[in-house]
Amino acid sequence: MIRTLSAVAVALALSTTAHAASKKPAPVKTAPDIIKASLPEEWRPLDPQNTLVMNVNGAQVIMELAARFAPAHAANIRTLAHEGYFDNLAIIRVHDNYVTQWGDPNDEDESKSKSLGSAKPKLPAEFSIASKGLNFTPIPDADGWAPKSGFVDGFPMAADPKQNKAWLTHCYGMIGAARGNETDSSNGSGLYVIIGGPARSLDLNITVVGRVLKGMEALSGLPRGTGNLGFYEKPEQRIAIQSVKLLADLPESDRPVLEVMRTESKSFKDIIEARRHASNAWFVHSPEFTSVCNVNVPIRPIAPKN
């Protein structure tokens with residue numbers, strides 16, 4: 001009898017364990033639900049001094065500069081945009097599942113290259129900043145590239161608290177400053193954006209200067225370059241850039257009216273949890289995991305005031 005009861009107990013235990021393992025987590029709100037219920041103070045408008053508007057190939061691309069992480073590069077890019085440097089330059093490289101790059105096709109030929117105006121020709125590398133004191137919203141799951149990852153000021157970042165170091169991550173839509181072999185050879189006149197999977201091996205090797213807020217399809221959907229590293233081999237293959245303007249330099253009537261969710265807000269923390277749990281009826285498996293490059297910071301048009 002004792003053996004029979006023990007066998008029954010084991011069977012019940014195994015059945016309970018199997019049921020628990022197959023049971024999906026309790027439903028959580030989806031990102032659209034969270035955005036709809038968010039509070040007005042959980043959003044911020046675009047900063048006119050740190051927002052760029054690119055017109056390329058008949059489309060508009062809106063970019064935000066990461067002035068906290070790359071102050072010298074952000075200042076130089078503001079000067080370049082204010083003085084019209086990027087106007088009539090070109091997309092020069094589209095490397096499949098990697099980057100789209102733009103700048104002066106003749107930047108290595110001093111006799112043909114476009115003047116930088118009053119912008120600085122050389123800047124110190126800005127690969128990282130101190131992590132101490134940052135209002136950091138962490139991802140609760142492990143990051144294989146860094147001890148910690150999460151968001152600051154709307155930007156995806158990673159950190160090593162023991163070294164007091166934080167840096168922006170090469171997620172989809174992030175913008176970096178092209179450089180040569182010398183770490184101080186970037187100045188913001190040549191830029192690239194990640195158009196494929198995360199390129200985290202570039203982290204701490206290149207100054208990341210910002211991210212695309214809107215219009216990624218205009219940069220990720222271009223014909224791929226056939227030359228080495230995706231460069232266009234012929235001038236006629238390049239995609240002309242009509243203009244890149246600082247939002248502050250545009251008339252009020254021409255400025256995009258958008259707002260960005262504050263990544264220190266409760267609603268954004270709830271969105272991180274929503275990304276960790278696949279809870280709608282379609283999913284049969286929930287990973288209970290996410291990564292810094294798998295969470296999008298919400299952006300929306302600002303509702304007109306009554």
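Guide: Happy to! Keep in mind that this is a predicted model. Let's take strand β8, which covers residues 155–160.

Start with how covered β8 is: 6 of its 6 residues are buried. Here, buried means under 20% relative accessible area. In a regular strand, side chains alternate between the two faces of the sheet. You can follow that pattern by eye in β8: Phe155, Met157 and Ala159 point one way, while Pro156, Ala158 and Asp160 point the other way.

Now for the neighbours. Strands of a sheet pair through backbone hydrogen bonds, either parallel or antiparallel. On the β7 side, strand β7 (residues 148–152) pairs with β8 in the antiparallel sense, over 5 bridges. To find one spot where they meet, look for valine 152, whose bridge partner in β8 is phenylalanine 155. The two strands make a hairpin with 2 residues between them, and in that hairpin aspartate 153 takes a positive phi near 55°.

Next, go to β9. Strands β8 and β9 also run antiparallel, and 4 bridges join them. A handy landmark is alanine 159, which stands opposite alanine 166 in β9. Here too the strands form a hairpin, with 4 residues between them. In this turn, asparagine 164 has a positive phi of about 55°.

A disulfide joins cysteine 171 to cysteine 293, with the sulfurs 2.0 Å apart. A disulfide is a covalent bond between the sulfur atoms of two cysteines. The link is left-handed, with -75° about the S-S bond. Searching the whole structure turns up 1 disulfide. And because its relative accessibility is 3%, cysteine 171 counts as buried.

One last stop is the largest cavity, with about 30 Å³ of space. Its lining is made up of Phe69, Glu126, Phe127, Ser128, Leu168 and Val208. Sorted by type, the lining residues come to 4 nonpolar, 1 polar and 1 charged.

Technical notes:
Residues numbered from 1 in each chain as written. Predicted model: local features only at pLDDT ≥ 70, side-chain atom pairs only at ≥ 80, totals over all residues. Heavy atoms only, no water. 1 Å grid on protein atoms, 1.4 Å probe; cavity = no way out; pocket = protein on both sides within 12 Å on 5 of 7 lines; lining within 4 Å. Points joined across faces, edges and corners; volume = space filled by probe spheres on them. Nonpolar A, V, L, I, M, F, W, Y, C, P; charged D, E, K, R; others polar. Disulfide = S-S within 2.5 Å. Buried < 20%, exposed > 50% of the residue type's maximum accessible area, 1.4 Å probe, protein only. Pairing = 2+ DSSP bridges.
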